[in-house]
Amino acid sequence: MTAGSGFDTSHPRLASPDLLRSVFRRHAAGVAVITARGPSGPAGFTATSLSSVSAEPPLLSFGISTGSSSWPAVSRAGHVGVHILGEDQQELAATFARSGADRFAAPTRWSAGPEDVPVLDGVLAWLVCRVVARVPAADHRIVIGEVVLGDPSGAGRPLLYHQGRYHGLRD
């Protein structure tokens, strides 16, 4: 370590998809499910890329792959649902992350909410957002949504994703 540099330069790696994945495995993230109404029914996926953007106006963002089965619905949706999962909802997170799964079949509990957005039951909190932008980012889109309404009153603690696994929050 060089004096005053504040970091160890003995193991640097060149930028690559593997480097990015390796670093972000060390980043604990909250787990959300994003939903939208598509032409063939409800669509949704698990996201750890959820981020608050602005309080005035209330904006948030999330990333989605254009190869995702949910992208066609999200690409056309005027509104999306954002659901914050609780630590007891690991199976729900896994269902919405699983390719080819019927994500809205039992045991998933949901109903058509405001703006006909699929709203999941029993989550820690949910929002319905008006999509204001879909920003190209390589093979993904960064979707920016303006919060229209929501409910932060669910009970429990958040579900986290770290090192490729779901975890509960520890004190």
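Is Arg 37 buried, partly exposed or exposed, and what is its relative accessibility? Keep that in mind as you read these points about a model that is predicted.

1. **Arg 37 and its partner.** Arg 37 has 29% relative accessibility and so counts as partly exposed, since that label covers values between 20% and 50%. Asp 116 forms a salt bridge with Arg 37, with the closest N and O atoms 3.4 Å apart. Arg 37 belongs to strand E2 and Asp 116 to the loop between E7 and E8, so this pair ties together parts that are 79 residues apart in sequence. Asp 116 is partly exposed too, at a relative accessible area of 39%.

2. **Other salt bridges.** The structure holds four salt bridges. In one of them, the side chains of Glu 91 and Arg 98 meet at 3.3 Å, N to O, and Arg 98 is partly exposed at 38%. Another joins Glu 146 to Arg 130, where the closest N and O atoms are 2.6 Å apart. Glu 146 sits in strand E10 (residues 140-151) and Arg 130 in strand E9, 16 residues apart, so the pair links distant parts of the chain. Glu 146 is partly exposed at 22%, as is Arg 130 at 37%.

3. **A loop neighbour.** Have a look at Glu 115, in the loop between strand E7 (110-112) and E8. Glu 115 is exposed, with a relative accessible area of 53%. Leaving aside residues up to four places away in sequence, Glu 115 touches His 79 and Val 128. Glu 115 and Val 80 are 35 residues apart in sequence, yet 8.7 Å apart in space, C-alpha to C-alpha.

4. **The nonpolar cores.** The largest nonpolar core has 17 residues, and Ile 34, Phe 45, Phe 62, Ile 64, Val 74 and Val 80 touch the most other members. Elements giving two or more residues to this core include E2, E3 and helix H2 (71-76). A second, separate core of 15 residues includes Phe 96, Val 119, Leu 120 and Trp 126.

5. **One side of a helix.** Which residues of helix H3 (residues 90-97) are buried? They are Leu 92, Ala 93, Thr 95 and Phe 96. These residues cover an arc of only 160° around the axis, which puts them on the same side of H3. The buried residues of H3 pack against several strands, among them E2 (32-38) and E12 (165-168).

6. **A patch outside.** Leu 20, Val 23 and Phe 24 form a nonpolar patch on the surface, with about 310 Å² of accessible area together. Phe 24 lies in helix H1 (residues 17-25) and is exposed at 52% relative accessible area.

How values were computed
Residues numbered from 1 in each chain as written. Predicted model: local features only at pLDDT ≥ 70, side-chain atom pairs only at ≥ 80, totals over all residues. Heavy atoms only, no water. Patch = residues over 30% accessible without salt bridge, like charges linked within 9 Å, V, L, I, M, F, W, Y side chains within 5 Å. Areas by Shrake-Rupley, 256 points an atom, 1.4 Å probe, with all protein chains shown as cover. Helix = DSSP H or I, 4+ residues; strand = E, 2+ residues; numbered from the N terminus. Buried < 20%, exposed > 50% of the residue type's maximum accessible area, 1.4 Å probe, protein only. Arc of directions from axis to C-beta. Contact = heavy atoms within 4.5 Å. Core = buried A, V, L, I, M, F, W, Y, C linked by side-chain atoms within 4.5 Å.
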